[in-house]
Amino acid sequence: MLLNNLKNMINDKIKGIGLVGLIAIALVVLGLALLNTSKTSEQEQKAITSTNSLIGKPLPDMQLRDNTGNVYDFSSLKGKNAVLFFNEGLMCYPACWDQMAAFGTDNRFNSDDIIADSVVADSVADWQKAIDKMPDLAKVTTLFDQDAISSRQLGIVSMGSSMHAGQLPGHTYIMIDKQGIVRDVFDDANMAINNDKLFEMISKY
């Protein structure tokens with residue numbers, strides 16, 4: 001009985017609004033959705049422009065720490081071709097974890113000429129949970145970008161692959177040559193293991 005009364009009340013409200021009113025409401029909702037999409041696209045475009053502006057220049061020198069507390073600054077990458085993989089980290093299971101583990105177990109990215117470091121916004125303590133669950137992650141050089149500060153400065157948190165736009169990176173690779181110059185920025189919304197593609201790209205530097 002109560003349910004029927006509620007249905008009748010809803011129907012009465014709809015009738016009171018009328019067809020024109022319902023169309024107006026639908027148009028407002030559609031307009032808000034399009035506005036939000038437009039803002040997101042604009043944000044993504046700015047991020048792409050920001051990261052593309054890195055190409056051909058030295059990567060801004062930022063300091064990140066690994067799980068043992070060692071400090072890495074980007075200028076120390078000189079002398080090797082390097083891939084920096086900025087990703088969502090802990091919450092991105094299994095895609096990001098698989099991508100990172102693939103680097104750690106691929107000798108092409110652990111050589112005298114080429115290295116791959118992964119950058120996550122998690123804490124060292126939290127990341128240990130990931131290693132416990134997927135031991136191959138221990139083979140990866142993982143750098144900790146607390147609160148995604150460096151990721152924000154580089155414009156990576158609003159790329160197309162980011163599922164947490166403005167907060168966390170998605171799946172973005174910054175590729176650097178032996179002189180420390182950014183040669184490519186590859187943003188992968190497909191969340192695939194890209195070792196073959198990345199190795200082909202970096203071998204040309």
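## A serine in a loop

The side chain of S162 reaches the backbone nitrogen of A165 at 3.4 Å.

Where does S162 lie? Look in the loop between α4 (149-154) and β6 (171-176). Helices (H or I, at least four residues) and strands (E, at least two) are DSSP runs, numbered from the N terminus. S162 counts as buried because its relative accessibility is 11%; buried means under 20% relative accessible area, exposed means over 50%, and partly exposed is in between (1.4 Å probe, protein chains only). Leaving aside neighbours within four places in sequence, S162 is in contact (heavy atoms within 4.5 Å) with V157, L168, P169 and G170.

## About the model

This is a predicted model, where local features need pLDDT of at least 70 and side-chain atom pairs count only at pLDDT 80 or more, while totals for chains, interfaces and linings use all residues. Residues are numbered from 1 along each chain as its sequence is written, and side-chain values use heavy atoms, with hydrogens and water left out.

## A sulfur link

How many disulfides are there? The count comes to 1 disulfide, by a rule that asks for a pair of cysteine sulfur atoms within 2.5 Å. The partners are C92 and C96, with their sulfur atoms 2.5 Å apart. Both C92 and C96 are buried. The torsion about their S-S bond is about 75°, so the disulfide is right-handed.

## Nonpolar cores

Next, the inside of the protein. A nonpolar core is a set of buried Ala, Val, Leu, Ile, Met, Phe, Trp, Tyr and Cys residues joined through side-chain atoms within 4.5 Å. The largest one has 26 residues, and V83, F103, W127 and L137 touch the most other members. Two or more residues each come from β3 (81-87), α2 (95-104), β4 (114-120), α3 (124-133), β6 and α5 (195-202). Helix α2 gives the largest share, 6 residues.

## Salt bridges

A salt bridge is a side-chain nitrogen of Lys or Arg within 4 Å of a carboxyl oxygen of Asp or Glu. By this rule the count is 6 salt bridges. One of them joins the side chains of K129 and D126 (3.4 Å, N to O). These two residues both lie in helix α3, 3 residues apart, which is about one turn of the helix. K129 counts as exposed because its relative accessibility is 52%, whereas D126, at 31%, is partly exposed.

D136 and K139 also meet through their side chains in a salt bridge (3.1 Å, N to O). In another, the closest N and O atoms of D177 and R183 are 3.5 Å apart. Is D177 buried or exposed? D177 is buried, because its relative accessible area is 7%, while R183, at 35%, counts as partly exposed. Finally, D106, R108 and D196 are linked in a network of salt bridges.

Definitions and conventions:
Polar contact = N/O pair within 3.5 Å; in protein donor to acceptor, adjacent residues only side chain to side chain.
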